[in-house]
Amino acid sequence: MDLSIIIPVYNTEKYLKECLDSVLLEIKEQKNIEVILIDDGSTDGSSKIYKSYSQSNFKYFKNENHGVSYSRNEGMKKAKGVWVMFLDSDDILSSNWWDTVKEELNSKDDIIYFFDKKEEVEKEKLLDNIVGLDPIYPYLTFPGARIFRRRFLEKNQIIFQEEIINGEDLLFNLEALSKTNHYHITSKNIYWYRYHLSSSTKKFHKKLFVSDQKFQQELVRISNNETYQEFCLKNAIYTFMERISYLKKKKEYLKNLWILEEEPYKTYLENYQWKQKNSFVSIIVFLTKKRHYYFAISFIKIRRKLKNAFLMKKKEERLEKV
């Protein structure tokens, strides 16, 4: 088996047929490719759609709802291909994607990226991109538009962290690239990512705090790069304040600021220094350090209103070439 394509599905009946057609129309019933669809407890008409496909190389499994990381891990357990590819069920693959991927199957590398870029980028720059420090390739954090050698993932026990609800893709890709020097980037696109305006709106949930503490622990395990750790801590604190800003009453957000007294956030805030040319994120973190919570949250709300007003002028959703 050359390639296993893993597709997690959760309530995407609006897009699922387009996604599956983009895959299956290119490969028909080739026996050297398997499509593994993991239904994560969908409650809409998704199952009716994928059950209508009768290709012999198409396999589907339905589980209770556990999250996308669980579904991807289940897909990897069932995969038999030399290579593994991840595809989200609301995204699509480019026409002739298989011809592009097929050219790379004899590669000795562990990871092959398919991006519509041509410049050479050294490994450290790619790692910076995954973390978010230097976004030359804005889609390096998510797991699509690339293929992984399955035995490489298994040997290094690289999986998606199911306890983490924000940043699990970053950790997976950071660990994978950190553990190999055998990779390359093509200059051919195979993936179209569907951007949803609605997906940019996040609500407050206490689980985010527990999840991020686990994220920070995993980041330290994967990389000893202090710049990465500081950057992710700063953005975590901003994210906490941004989510807390959705709470309507002052007493509600004040009682949820306990996370800032937990490690590693407490020590980071104590040592945080004001710098010139600060970004908006840095300003919010500085106000948080000074315990000016009301001002920090007020600025976040104003910025969100301006951003939403700007985004509403654009299409609610669109496909973007990776």
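K179 is partly exposed, with a relative accessibility of 39%. In this predicted model, the side chain of K179 forms a salt bridge with that of E175, at 2.9 Å from N to O. E175 is buried, and its relative accessible area is 3%. E175 and K179 belong to one network with K214, E218 and R221, joined by salt bridges that share partners.

## Other salt bridges

The whole structure holds 21 salt bridges. Side chains of opposite charge can pair when their charged atoms come close.

One of the bridges joins the side chains of E74 and K77, with an N to O distance of 3.2 Å. Both residues lie in helix α3 (residues 68–78), and because they are three residues apart there, about one helical turn separates them. E74 is buried at 13% relative accessible area, whereas K77 is exposed at 65%.

Another salt bridge is formed by the side chains of R149 and D110, at 4.0 Å from N to O. This pair links distant parts of the chain, 39 residues apart: R149 is in strand β7 (residues 146–149), and D110 is in the loop between α4 (97–102) and β6 (111–114). D110 has a relative accessible area of 13%, so it counts as buried, the cut-off being under 20%.

## A nonpolar surface patch

A nonpolar patch on the surface is made up of Y294, F295, F299, I302 and L306. Together these residues have about 550 Å² of accessible area. I302 lies in helix α13 (residues 293–311). Its relative accessibility is 48%, so I302 counts as partly exposed.

Note on methods: Residues are numbered from 1 along each chain as its sequence is written. This is a predicted model: local features need pLDDT of at least 70, side-chain atom pairs count only at pLDDT 80 or more; totals for chains, interfaces and linings use all residues. Side-chain values use heavy atoms; hydrogens and water are left out. Patches are made of residues with over 30% relative accessible area and no salt bridge: like charges are joined within 9 Å, nonpolar side chains (Val, Leu, Ile, Met, Phe, Trp, Tyr) within 5 Å. Accessible areas come from the Shrake-Rupley method with a 1.4 Å probe; for residues, only the protein chains shown count as cover. Helices (H or I, at least four residues) and strands (E, at least two) are DSSP runs, numbered from the N terminus. Buried means under 20% relative accessible area, exposed over 50%, partly exposed in between (1.4 Å probe, protein chains only).
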